[in-house]
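Visitor: I'm new to this one. Could you show me how to read a few of its features, step by step?

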Amino acid sequence: LAACGPAGLLVGYLILSLTVWLVMNEISEMVSYIPIPGQTTLPALCLRYTGNESFAFAAGMNLFYAQALIAPAEVTAAAYVIDYWSDINSGAWITIFWVVTVALEFCAVKYFGEVEFWIGLIKIFTISGLIILGIVIFFGGGPNQHSVLGFHYWKHPGAFTEHLTGGNTGKFLACWTSVIKSAFAFILSPELITACAAEAENPRVNLPKATSRFIYRMIFFYVFGSLTIGIMVAYNDPTLLEAIAEGKSGAAASPFVIGIKNFGIKVLDHIINAAILTSAFSSGNSEFFSATRMLHSMAVKGQLPRIIGRTNKYGVPYIAVTITGLISLVSYLNVSNSSAIVFTWLTNISTVSGFISWIFIGICYIQFRKAITYHNLDDRIPYRLPYQIAGAYFSVFFFTLVSLTNGYAVFFDFNGSD
């Protein structure tokens, strides 16, 4: 918000929602065609439709790399959310979250599923409540409000910031930065949804249904959420700028929490803080789980040493869990650096890997369509949108461009840590 302005933030989420929806349709079409358990992961799809083992291996390791680094990024966020209440060294909280996450991964999968179910409900109720709160504040219903707020902050100080440079170029760069930064919220969503689709009931029917509803969920949670933020807080709000300058993350720099406090709503900021905490833990936990299963899947197929595929009596791939847990220790970088700086490092790395994963999906889908057309099997495809092949070429081009320009800002004011 501070870098892009409310309109720039909204534009970024709109563009990402559309392009990620294209990716979701591509991978869903491939998975729903032959929904065989163990063959719906990205490396399995790449191997089947390109026939190139090196390409499939690269796709799998890139996906694991992204998942394994999202986990410590979320541990970092969770630890620093607690700074809203406590001044205890962040290393203590990182240790607690790391131990809990690893311990949960060593348990049977049913416990992981139970935890994710309840935390998922909390996230849904939280974002729904915040959107409703935004509507109330929009119409002037806050304790400290005496008139309708409307789009006041879109006029004063304005809808766009002039990011890195002045004029319309600065406004364009604000939108492009929003596209790059907001991508972290979407990273790996299509892969997570489809990876276990073959194990669901009637996947050739239910996966297309879930895919067709995916765009509505993105609009409600991401687009409406970003619009709510732009309504509640100005991009030059002193509290927001101070939090960013001090390198804070989590609730301390959350526009939702800042807006709640500005409009005099008591206690709610602590509730939102707790919800952010559970969301960060849940995101890290789910990506950690996915990373371990990716290693296990590749080891079983012979793409990695088979020792990594070993499981205990509960079916947990304990070698893969150990490897991923060791990688997650990079979250301790926060002990000697600002949380915002380390979080930026980890999210930048994982976001670029997510972009590359979507490029892999697009290339794989193009090869899939060529094979289907060559064998005249188009009438057997259970799910396909019109012009999807054009969407695949566009998504490959778009995410290649975003990947190449991900760090463009360093050339304006070079900083090695960026």
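Guide: Happy to. Let's begin with aromatic rings: the rings of Phe, Tyr and Trp pair if their centres lie within 6.5 Å. Keep in mind that what you see is a predicted model.

Visitor: Which residues do ring pairs link into a cluster?

Guide: The cluster is made of Phe172, Trp176, Phe355, Trp358, Phe394, Phe398 and Phe399. Across the structure there are 20 aromatic pairs.

Visitor: Why is the pair of phenylalanine 55 and phenylalanine 360 edge-to-face?

Guide: Look at the angle between the planes, where over 60 degrees counts as edge-to-face. Here the planes stand at 80° and the ring centres are 4.9 Å apart, so phenylalanine 55 and phenylalanine 360 make an edge-to-face pair. This pair also ties together distant parts of the chain: phenylalanine 55 sits in helix 3 (residues 53-81) and phenylalanine 360 in helix 14 (residues 339-374), 305 residues apart. Both phenylalanine 55 and phenylalanine 360 are buried.

Visitor: Now helices. Which residues of helix 15 are buried?

Guide: First the general idea: an α-helix has 3.6 residues a turn, so residues three or four places apart point the same way. In helix 15 the buried residues are Gln388, Gly391, Ala392, Ser395, Val396, Phe398, Phe399, Val402 and Ser403. Two of those names, Phe398 and Phe399, also belong to the ring cluster. As for length, helix 15 (residues 388-404) has 17 residues and reaches 24 Å from its first C-alpha to its last, close to the 24 Å expected at 1.5 Å a residue.

Visitor: And serine 350, is that one buried or exposed?

Guide: Under 20% relative accessible area means buried. Serine 350 has 0% relative accessibility, so it counts as buried. Serine 350 is part of helix 14. Setting aside neighbours within four places in sequence, serine 350 is in contact with Ala66, Leu69, Ile70, Phe184 and Ile187.

Visitor: What about proline 203, buried or exposed?

Guide: Proline 203 has a relative accessible area of 13%, so it is buried. You'll find proline 203 in helix 9 (residues 203-232).

Visitor: Let's go to the surface. Which residues form a nonpolar patch there?

Guide: That patch consists of Ile135, Phe139 and Val148, with about 320 Å² of accessible area together. Take phenylalanine 139, in the loop between helix 5 (109-138) and helix 6 (152-158). Over 50% is the cut-off for exposed, and phenylalanine 139 counts as exposed at 56% relative accessibility.

Visitor: I'd like to check the backbone too. What should I look for?

Guide: Most residues other than glycine have a negative phi, and most peptide bonds are trans. With that in mind, look for the exceptions.

Visitor: Where does a cis peptide bond turn up?

Guide: Between histidine 156 and proline 157, with omega about 15°. Proline 157 lies in helix 6.

Visitor: What is phi for valine 267, and for asparagine 376?

Guide: Valine 267 has phi near 70°, a positive value in a residue other than glycine. Asparagine 376 has a positive phi of about 55°, and it is not a glycine either.

Visitor: Where in the chain is valine 267, and where is asparagine 376?

Guide: Valine 267 belongs to the loop between helix 11 (255-262) and helix 12 (268-300). Asparagine 376 is in the loop between helix 14 and helix 15. Valine 267 is exposed, with a relative accessible area of 54%, and asparagine 376 counts as exposed at 60%.

Technical notes: Residues numbered from 1 in each chain as written. Predicted model: local features only at pLDDT ≥ 70, side-chain atom pairs only at ≥ 80, totals over all residues. Heavy atoms only, no water. Phe/Tyr/Trp six-rings, centres within 6.5 Å; stacked < 30°, edge-to-face > 60°. Helix = DSSP H or I, 4+ residues; strand = E, 2+ residues; numbered from the N terminus. Buried < 20%, exposed > 50% of the residue type's maximum accessible area, 1.4 Å probe, protein only. Expected span 1.5 Å × (residues − 1). Contact = heavy atoms within 4.5 Å. Patch = residues over 30% accessible without salt bridge, like charges linked within 9 Å, V, L, I, M, F, W, Y side chains within 5 Å. Areas by Shrake-Rupley, 256 points an atom, 1.4 Å probe, with all protein chains shown as cover. Salt bridge = Lys/Arg side-chain N within 4 Å of Asp/Glu carboxyl O.
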